[in-house]
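Reader: I am new to reading structures. Please take me through one part of this one closely, step by step.

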Amino acid sequence: MSKLTTAQYCEQYINRFGWHLVPIEPGRKFPLSNDWGNNCLDTVEKAKAFYNNGKSDYNVGLALAPSKMCSFDIDDEEGWQVILEEFGLPLDALDEY
């Protein structure tokens with residue numbers, strides 16, 4: 001099985017989920033620029049142009065609000081259990097994903 005390029009992953013994220021992506025500089029976890037929210041990659045063409053133009057080593061972030069997503073940052077198992085119980089989800093069910 002061949003490894004997908006970053007541009008190919010972006011294509012799947014945009015086509016399958018409609019996500020708006022944010023390029024992130026190599027070795028970082030968040031973008032450096034202050035206006036990153038105005039420069040989301042929201043089409044396959046934009047993503048391919050960015051990542052196939054000498055920036056294939058950049059990371060990919062998800063712009064949550066434009067992608068209609070949210071995130072949880074859960075750092076311990078006890079907190080995770082509380083969240084699962086609140087939503088009525090058994091821990092075993094998550095193994096299916």
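Author: Thr-6 sits in helix α1. Helices here are DSSP runs of H or I with at least four residues, strands are runs of E with at least two, and both are numbered from the N terminus. This is a predicted model, in which local features need pLDDT of at least 70, side-chain atom pairs count only at pLDDT 80 or more, and totals for chains, interfaces and linings use all residues. Residues are numbered from 1 along each chain as its sequence is written, and side-chain values use heavy atoms, with hydrogens and water left out.

Start with the surroundings of Thr-6. Leaving aside residues up to four places away in sequence, Thr-6 touches Tyr-51, Ser-56, Tyr-58 and Val-60. Touching, or contact, means heavy atoms within 4.5 Å.

Helix α1 covers residues 6-17, which makes 12 residues. The expected span of a helix is 1.5 Å times one less than its number of residues. For α1 that gives 16 Å, and the end C-alpha atoms are 16 Å apart, so the two agree. Next, look at its sides. Ala-7, Cys-10 and Ile-14 are buried in α1. Buried means under 20% relative accessible area, exposed means over 50%, and partly exposed is in between (1.4 Å probe, protein chains only). Seen down the axis, the buried residues of α1 fall within an arc of 60 degrees, so they line one face of the helix. That arc is taken from the directions from the helix axis to the C-beta atoms. What do these buried residues pack against? Their partners are β1 (21-24), α2 (44-51) and β2 (59-62). The face turned away from the buried side carries Asn-15 and Arg-16, both exposed. After the helix comes Gly-18, with a positive phi near 70 degrees.

Side chains of opposite charge can pair when their charged atoms come close. Here a salt bridge is a side-chain nitrogen of Lys or Arg within 4 Å of a carboxyl oxygen of Asp or Glu. By this rule the count is 2. One joins Glu-11 and Lys-48, with the closest N and O atoms 3.5 Å apart. This pair links distant parts of the chain: Glu-11 is in α1, Lys-48 is in α2, and they are 37 residues apart. Glu-11 is partly exposed, at 26% relative accessible area. Lys-48 is partly exposed too, at 35%. A further salt bridge joins Lys-46 and Asp-42, at 2.9 Å from N to O. Lys-46 is partly exposed at 41%, and Asp-42 is partly exposed at 31%.
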